[in-house]
Amino acid sequence: MSDRTVPAESHTRFSHLDSEGRARMVDVSHKADTARIAVATGEFATTAEVIALVRADGMPKADVLATARIAGITGAKKTSELIPLCHQLALSKVDVVFGFTETTITVEATAKTTGPTGVEMEALTAVAIAGLTLHDMVKAVDPAATMNGVRLVRKDGGKRGRWSREPDMHVDNTTGDRTAAVLVASTGGARGTREDTTGPRIAQWLTDRGFVVRGPLVYADADIADGLRDALAGGPSLVVSTGGTGVSPTDATPEATRSILDRELPGIADAIRLEGAKVTPHASLSRGLTGVAGRTVVVNLPGSPGGVKDGLSVLAPILDHLLAQVAGDGLHEEAEVEK
């Protein structure tokens, strides 16, 4: 028997079956329109050779990721044509982003709408179609490639509010909500032409400290505002970004971050710059911000491995106390008394 927890909103019967067990389209005409979002993910397993070719844009069918991204978006828009009982939705946005390991391409899709029913199937369809397109693009090199683990990660909106897969995972939660998202600002990384090393390093650092980590989410510099909104979806306790903090014309992470912050924490951002300045004077050029958006702490780190290392060393001794303060759980009052 599976020990998987059934979501709280599950019913004793399937909603798409009537009282006599016949398939039907659910009537949602009585439901109010609300903002809806769903995030799904999957892993395309292949060979290290294929990964290298995709990163170098060297496949016989070129522009692999762009083709798969467009296919995924198109698939989401056609979900009601592919799955017979799905409602037609006016999608306001569909994002498909990719990540890499040595032998896999991760596919994550976010679907958004405002309406009377959810967008879970649109997000799942986007992942599946993007994965099938990846297979079509690489099959000449690796016909044994597989698309695995297509699954819903999170959904928001509607009467039942938020659902997340994360509670099913075993996490040491003794210090409160330990959910995090890692965001990478890299135009080359988003295109798959440049390897990102900073995002995985941040994700591993957080995982080692008991966080459930989403990402790295890789967005082009021009799309980093969308990336921040994506990272904040679901209300993680922490968002750590890397890249886009310099003074080049394309660096836009600080501007995008300032637009979503309720309060800035300049002391932390200054400490990160000072730590970096011990190694290189170029650290003073970073414009990265730190602050609070709702109940989420947002930290901008530079895009270099050294800058990430310096930033994490600043966060290490203060992170738990910072998150406790933002969560308002009273731990910081205890710390003041102990002084």
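In the predicted model, the side chains of Lys278 and Glu275 meet in a salt bridge at 3.1 Å, N to O; the term denotes a side-chain nitrogen of Lys or Arg within 4 Å of a carboxyl oxygen of Asp or Glu. Lys278 is exposed at 65% relative accessibility, whereas Glu275 is partly exposed at 25%. Here buried stands for under 20% relative accessible area, exposed for over 50%, and partly exposed for values in between (1.4 Å probe, protein chains only). Salt bridges that share partners also join Lys93, Asp95, Asp226 and Arg229 into one network. Across the whole structure, 14 salt bridges are found.

Because the model is predicted, local features need pLDDT of at least 70 and side-chain atom pairs count only at pLDDT 80 or more, while totals for chains, interfaces and linings use all residues. Residues are numbered from 1 along each chain as its sequence is written, and side-chain values use heavy atoms, with hydrogens and water left out.

A further salt bridge links Lys78 and Glu81, whose closest N and O atoms are 3.9 Å apart. Lys78 is partly exposed, with a relative accessible area of 38%, and Glu81 is exposed at 59%. In the salt bridge between Arg214 and Asp230, the closest N and O atoms are 2.5 Å apart. Arg214 belongs to strand 7 and Asp230 to helix 7 (residues 224-232), so the pair ties together parts that are 16 residues apart in sequence. Both Arg214 and Asp230 are buried. Helices (H or I, at least four residues) and strands (E, at least two) are DSSP runs, numbered from the N terminus.

Strand 7 (residues 212-219) pairs with strand 6 in the parallel sense over six bridges; pairing requires that DSSP find at least two bridges between two strands. Ala181 stands opposite Arg214 in strand 7. Strand 6 also pairs in the parallel sense with strand 8 (residues 238-242), over five bridges, and in that pairing Ala181 stands opposite Val239. In strand 6 (residues 179-185), seven of seven residues are buried. Thr179, Ala181, Leu183 and Ala185 point one way from strand 6, and Ala180, Val182 and Val184 point the other way. In a regular strand, side chains alternate between the two faces of the sheet.

Five strands form an open sheet in the order 2-3-1-4-5, with antiparallel pairing. Strand 2 (91-100) and strand 5 (163-164) stand at the edges with a single partner strand each, so one side of each is left without a neighbour in the sheet. Strand 1 (residues 34-45) and strand 3 (residues 104-115) run antiparallel and are joined by 12 bridges. Thr41 stands opposite Glu108 in strand 3.

The structure holds one cavity of 30 Å³ or more. A cavity is a set of points, on a 1 Å grid over the protein atoms alone, where a 1.4 Å probe fits but cannot get out; lining residues have an atom within 4 Å of a point. Grid points are joined across faces, edges and corners, and a volume is the space filled by probe spheres set on the points. The largest cavity holds about 40 Å³ of space. Its lining consists of Ala269, Ile272, Arg273, Ser286, Gly288, Leu289, Asn300 and Pro302. Helix 9 (residues 266-277) gives the most to this lining, with three residues. The lining divides into four nonpolar residues, three polar and one charged; Ala, Val, Leu, Ile, Met, Phe, Trp, Tyr, Cys and Pro count as nonpolar, Asp, Glu, Lys and Arg as charged, and the others, Gly among them, as polar.

Note on methods. On a 1 Å grid over the protein atoms alone, a cavity is a set of points where a 1.4 Å probe fits but cannot get out, and a pocket is an open set with protein on both sides within 12 Å along at least five of seven lines; lining residues have an atom within 4 Å of a point.
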